[in-house]
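Please keep the structure open beside them.

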Amino acid sequence: MEKLMITVALVGAEVTREQTPYLPLSPREIADEAIKVHNAGASIVHLHMRDGLGNPSQDKALFAEAITYIQSATDLIIQVSTGGAAGMTAEERIQPVTLAPEMASLSTGSVNFGSEVFSNPLPMVREFARVCQTYQVKPEIEVFDSGMIQSALNLVKEGLLQEPFHFNFVLGVPGGMPATAKNLLFLLDLIPPTSTWTVSGIGRYQLSMNTYGILLGGHVRTGFEDNIYYRKGILSKGNAPLVDRLVKLAENLDRSIASPREARKILGIFPV
């Protein structure tokens with residue numbers, strides 16, 4: 001098997017300090033958290049930003065500040081979010097891609113997200129893919145339901161996505177595809193064989209889906225965006241303990257951990 005890439009979604013757009021006091025909010029706090037997960041074994045960080053009041057923000061300047069700090073201390077692959085938060089405009093959401101990070105998320109369809117709708121109409125998806133091409137940013141194709149895979153493959157015919165693809169299966173979102181082994185296997189049958197993939201389990205499904213990802217030769221995402229608990233009822237004291245747990249699990253399952261440099265090679269990001 002390939003070495004295991006661990007992505008950490010440090011902040012997200014929904015979690016609050018009221019839910020966990022360990023949530024980083026300022027660009028410097030987010031960067032410090034990135035350094036900790038890098039030291040624990042992560043190779044990729046997925047970035048959202050918060051404004052001075054702790055609200056989700058796609059402000060390019062906030063991303064630039066955090067990225068500068070992270071790159072000064074680590075060689076992590078930086079993946080910015082184009083999802084932002086529900087209700088944001090396309091213009092708001094795409095801002096951080098213009099910083100030319102190595103990766104960006106690209107959701108290829110809309111999905112009910114709890115009581116809200118995560119809206120990704122196809123014209124907007126096309127435009128986001130074009131912007132990624134312009135700035136030479138590798139998309140991570142976010143899949144909340146199986147139809148999003150076909151939507152992504154249709155973009156290939158339009159010249160908006162190129163192989164090798166990297167997918168992230170986000171399972172367990174209320175309104176999205178349930179987090180089960182059967183559903184993960186079903187999704188794997190739909191993607192091109194040259195693709196790489198990551199699995200993200202939401203809430204209590206995080207550890208079980210990560211375990212399936214390790215065993216099946218894929219890659220994994222952890223972090224506060226998806227889950228704030230280390231065990232049921234016990235908050236994780238930061239993102240790093242969640243990474244450390246995966247590193248130990250992978251080692252027990254004879255799966256080596258990819259460094260950021262090795263992850264670039266796996267993903268086809270150059271230079272390696």
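1. Strand β10 (residues 166-171) pairs with strand β11 (residues 196-201) in the parallel sense, over 6 bridges, where pairing requires that DSSP find at least two bridges between two strands, and helices (H or I, at least four residues) and strands (E, at least two) are DSSP runs numbered from the N terminus. Within this pair, His166 stands opposite Thr196 in β11.

2. This is a predicted model, in which local features need pLDDT of at least 70 and side-chain atom pairs count only at pLDDT 80 or more, while totals for chains, interfaces and linings use all residues. Residues are numbered from 1 along each chain as its sequence is written, and side-chain values use heavy atoms, with hydrogens and water left out.

3. The barrel is closed by 8 strands in the order β1-β2-β5-β6-β9-β10-β11-β12, with parallel pairing. From one strand to the next the twist averages 25°, with angles running from 0 to 180 degrees between N-to-C directions and axes being lines fitted to C-alpha atoms, for helices over the stretch in contact.

4. Helix α2 (residues 60-73) packs on the sheet and touches β2 (44-47) and β5 (77-80), its direction making about 165° with that of β5; contact here means heavy atoms within 4.5 Å. Helix α6 (residues 181-188) lies across β9 (138-143), β10 and β11, and runs at about 155° to β10.

5. Among the residues that line the largest cavity are Arg93, Ser105, Phe118 and Asn120, a cavity being a set of points on a 1 Å grid over the protein atoms alone where a 1.4 Å probe fits but cannot get out, and lining residues having an atom within 4 Å of a point. Strand β6 (residues 103-107) gives the most to this lining, with 3 residues.

Methods
1 Å grid on protein atoms, 1.4 Å probe; cavity = no way out; pocket = protein on both sides within 12 Å on 5 of 7 lines; lining within 4 Å.
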